[in-house]
Amino acid sequence: MNERERIEALRREGKITDEEAQLLLEALEAADQVESELQNQQMQYDPPRGQAFDPTGLRWVKVNMLAGELEVRVDPSLQEPQVRGKAEVRQVGQDFVIEPQPVQGSFLGGGLLKNLRAGELDVRLPSGWGLELDGKAGDIEIQGVAFFRGRLLAGDIELREVGGLDLDVKAGNIEGSALLREGNHRLRIEMGNAQVRLLPGSSLKLKAEVGLGNLETPGNQVGGGLGNLEAYVRMGNLEIEG
């Protein structure tokens with residue numbers, strides 16, 4: 001089921017009104033237009049996309065969101081994920097899938113998000129779990145997860161002590177801290193800024209490039225260079241501190 005089908009299903013089930021469904025569909029169309037414009041931009045240099053690290057042995061929470069606010073933190077006392085907020089939660093094998101539902105409340109900010117109602121979702125994970133995000137628009141805050149991968153069309157991501165990265169953001173900003181060691185890690189922004197602080201204990205070979213903007217890095221290697229980080233910003237600024 002794609003996003004439009006999900007919206008229509010929510011309307012038929014009476015979970016959202018006709019007006020809310022129309023606002024969601026309009027915002028989804030605007031988001032698709034932004035993505036199309038970004039893909040059509042002609043740049044002289046387009047870096048190769050490396051193979052991201054696919055960590056084994058992790059259980060995953062997968063969040064599919066149209067828009068809203070998402071906060072995910074690790075709670076070592078838990079055995080299973082906990083979700084607070086209006087969402088459909090289902091278990092698929094050893095993993096969990098979460099689909100936030102639209103709620104009555106304040107609208108998101110201007111521009112692309114100005115007509116889209118914001119739901120708030122609070123997720124707590126046990127230690128050693130990974131998070132996968134497939135989002136159209138939103139503000140995301142992630143703390144302590146073993147690995148964070150996924151994509152966001154428009155919005156901001158704040159990272160705190162994340163153990164692994166494979167992120168693709170079309171329009172928005174990424175900032176925060178990560179402890180990156182073995183394996184391959186990847187960070188890519190089409191339009192926006194990234195500021196990432198590598199925590200003590202990080203061990204990486206670093207490949208960082210900017211198409212149009214400013215680049216600041218600690219060099220080509222952090223620590224012993226056990227892992228790899230490929231970071232690219234097409235239009236914007238990239239700062240990596242080690």
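Colleague: How many salt bridges does the structure hold?
Modeller: The predicted model has 15 salt bridges.

Colleague: Which residue does Arg-11 pair with?
Modeller: Arg-11 forms a salt bridge with Glu-8, and their closest N and O atoms are 2.7 Å apart. Both sit in helix H1 (residues 3-12), three residues apart, so about one helical turn separates them.

Colleague: And where are the partners Arg-151 and Asp-134 in the chain?
Modeller: Their side chains meet in a salt bridge at 2.9 Å, N to O. This pair links distant parts of the chain, with Arg-151 in strand E8 and Asp-134 in strand E7 (residues 129-143), 17 residues apart.

Colleague: Take Asp-166, the partner of Arg-186. Is Asp-166 buried or exposed?
Modeller: Asp-166 counts as buried because its relative accessibility is 16%, and the cut-off for buried is under 20%. Arg-186, at 21%, counts as partly exposed.

Colleague: New topic. Which residues touch the most other members of the largest nonpolar core?
Modeller: That core has 42 residues, and the ones with the most contacts to other members are Leu-70, Ile-140, Ile-142, Phe-148, Ile-157 and Ile-174. There is also a second, separate core of seven residues, including Ile-7 and Leu-24.

Colleague: Last one, Gln-94. Where does Gln-94 lie?
Modeller: Gln-94 is in the loop between strand E4 (87-92) and strand E5 (95-100). Gln-94 counts as exposed because its relative accessibility is 52%.

Colleague: What does Gln-94 touch, leaving out residues up to four places away in sequence?
Modeller: With those left out, Gln-94 touches Arg-59 and Trp-129.

Terms used: Residues numbered from 1 in each chain as written. Predicted model: local features only at pLDDT ≥ 70, side-chain atom pairs only at ≥ 80, totals over all residues. Heavy atoms only, no water. Helix = DSSP H or I, 4+ residues; strand = E, 2+ residues; numbered from the N terminus. Buried < 20%, exposed > 50% of the residue type's maximum accessible area, 1.4 Å probe, protein only. Contact = heavy atoms within 4.5 Å. Core = buried A, V, L, I, M, F, W, Y, C linked by side-chain atoms within 4.5 Å. Salt bridge = Lys/Arg side-chain N within 4 Å of Asp/Glu carboxyl O.
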